[in-house]
Amino acid sequence: LIHVNRLGGAYRIESISYYFDGTPIFEKVDSTNEFHRKKELKIFEGNIPPGSHTITANIVVKGNGSGAFSYLDDYSFKGQESYSFIAEDNKTAVIRMVLQKKGGALGGFEEGPEMTFEQEDIPNLPGSDES
């Protein structure tokens, strides 16, 4: 599970938390703005049992303006997004939670961020064990 930050400088992540099947796996309050500067962060890497699972991400994002854009400081957004998937035995997948401005480059700042999950299934290497 990889957290991808595509928000840019107009927003600052105040806090973020990730849950796997309801159990917290990552929680961060960013008082130093260090987390927001990272474009990608590995949240979890490991084996999980086969079957149906859900990842949930919660965020708090604040506007980060200056000069003519200082009005952005008045904006604060809370969001939650979940993603359900089926883990298959002896299979590898990379799941990215992408945080970006709603509406892309043309979207208004007041619309805030959006969270989307992307899954990439990795083919097994030749010679790997498959049961």
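Q: In what order do the four strands of the antiparallel open sheet stand?
A: The order is β3-β2-β5-β6, and the pairing is antiparallel. Strands are DSSP runs of E with at least two residues, helices are runs of H or I with at least four, and both are numbered from the N terminus. Two strands pair if DSSP finds at least two bridges between them.

Q: What sort of model is this, and how are the residues numbered?
A: The model is predicted: local features need pLDDT of at least 70 and side-chain atom pairs count only at pLDDT 80 or more, while totals for chains, interfaces and linings use all residues. Residues are numbered from 1 along each chain as its sequence is written, and side-chain values use heavy atoms, with hydrogens and water left out.

Q: Back to that sheet: which strands stand at its edges?
A: Strands β3 and β6 do, each with a single partner strand, so one side of each has no neighbour in the sheet. On average, neighbouring strands of this sheet are turned by 15 degrees against each other, direction ignored.

Q: How many bridges join β2 to β5?
A: Nine bridges join these two strands, which run antiparallel.

Q: In which sense do β1 and β7 pair?
A: Strand β1 (residues 2–6) and strand β7 (residues 92–101) pair in the parallel sense, over five bridges. Within this part, His-3 stands opposite Met-97 in β7.

Q: New topic: how many aromatic pairs are there?
A: A search of the whole structure finds six aromatic pairs. Rings of Phe, Tyr and Trp (its six-membered ring) pair if their centres lie within 6.5 Å; planes under 30 degrees apart count as stacked, over 60 as edge-to-face and the rest as tilted. The rings of Tyr-18 and Phe-26 have centres 6.4 Å apart and planes at 65 degrees, so this pair is edge-to-face.

Q: Why is the pair of Phe-20 and Phe-44 given its own class?
A: Its planes stand at 15 degrees, with the centres 6.4 Å apart, so the pair is stacked. Phe-20 lies in strand β2 (residues 11–20) and Phe-44 in the loop between β4 (40–42) and β5 (51–63), so the pair ties together parts that are 24 residues apart in sequence. Elsewhere, ring pairs link Tyr-11, Tyr-75 and Phe-77 into a cluster.

Q: Is Phe-20 buried or exposed?
A: Phe-20 counts as buried at 19% relative accessibility, and Phe-44 counts as partly exposed at 32%. Buried means under 20% relative accessible area, exposed over 50%, and partly exposed in between (1.4 Å probe, protein chains only). Tyr-18 is also buried, at 0%.

Q: Where is Ser-31 found?
A: Ser-31 is in the loop between β3 (23–29) and α1 (34–37). This serine is exposed, with a relative accessible area of 70%. The C-alpha atoms of Ser-31 and Glu-14 are separated by 6.9 Å, although the two residues are 17 residues apart along the chain.

Conventions:
Axes are lines fitted to C-alpha atoms, for helices over the stretch in contact, and angles run from 0 to 180 degrees between N-to-C directions.
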